[in-house]
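Okay, shall we get going?

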Amino acid sequence: MLSPERVQRLRGYLVEEEANLRQQILSLGITSREADVASGNHMAEDATAAFDQAAAVSLQRGHQVTLTEVERALARMTTGTYGECERCRTQIDFARLKAIPQAAFCMTCQRVAEL
């Protein structure tokens, strides 16, 4: 069982991470909309703009996935199930939560999920 102090410390990190991710998603959304694909005078410029736009969209999607995981972790804190593996219901090791505070699975279940 996680101590209230540890949960509070991890909550602070998650709240900060949530704000950072929201800002990055917003910034990447603006960047991808500003990319002016197919308006350059040279094919290489258009290719660079298209690549930059695709990279921004990909990063934005990755940040959105992480944001969803962070929000789910904060919800688990509210319901009192934070730190409990969603698959096998055992306690997730604190070292794992310290490294990945939004982790929903213990290491054993995470390996199974990744197969």
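Predicted model: local features only at pLDDT ≥ 70, side-chain atom pairs only at ≥ 80, totals over all residues.

Residues are numbered from 1 along each chain as its sequence is written, and side-chain values use heavy atoms, with hydrogens and water left out.

On confidence, pLDDT is the predictor's own score for each residue, from 0 to 100. The protein averages 89, and 90% of the residues score at least 70. Helix α3, residues 94-99, has the highest confidence at 96, and α2 has the lowest, at a mean of 89. By helix I mean a DSSP run of H or I with at least four residues, numbered from the N terminus.

Now the charges. Side chains of opposite charge can pair when their charged atoms come close. My cut-off for a salt bridge is a side-chain nitrogen of Lys or Arg within 4 Å of a carboxyl oxygen of Asp or Glu. How many salt bridges does a search of the whole structure find? It finds 5.

Let's look at E86. Its side chain meets that of R72 in a salt bridge, 2.9 Å from N to O. That pair links distant parts of the chain, with E86 in the loop between α2 and α3 and R72 in helix α2, 14 residues apart. E86 also forms a salt bridge with R76, where the closest N and O atoms are 3.2 Å apart. Since E86 is in the loop between α2 and α3 and R76 is in helix α2, this pair ties together parts that are 10 residues apart in sequence.

R76 counts as buried because its relative accessibility is 7%. R72 is partly exposed at 42%, and E86 is partly exposed at 25%.

Staying with R76, you'll find it in helix α2, residues 43-79. Its side chain reaches the backbone oxygen of A103 at 3.2 Å. For contacts I use heavy atoms within 4.5 Å. Not counting residues up to four places away in sequence, R76 touches T81, Y82, E86, Q102, A103 and A104.

Over to helix α1, residues 4-34, which holds E18. E18, R22 and E71 are linked in a network of salt bridges. E18 counts as buried because its relative accessibility is 18%. Leaving aside neighbours within four places in sequence, E18 is in contact with L67, V70, E71 and L74.

One more pair: R89 and E84 form a salt bridge, with the closest N and O atoms 3.6 Å apart. E84 is partly exposed, at 23% relative accessible area.

Last stop, F105, in the loop between α3 and α4 (107-114). F105 is partly exposed, with a relative accessible area of 24%. What does F105 touch, not counting residues up to four places away in sequence? The answer is C85, E86, R87, I92, R96 and Q110. F105 and T79 are 26 residues apart in sequence and 16 Å apart in space, C-alpha to C-alpha.

That's me done, thanks.

Key: Helix = DSSP H or I, 4+ residues; strand = E, 2+ residues; numbered from the N terminus. Buried < 20%, exposed > 50% of the residue type's maximum accessible area, 1.4 Å probe, protein only. Polar contact = N/O pair within 3.5 Å; in protein donor to acceptor, adjacent residues only side chain to side chain.
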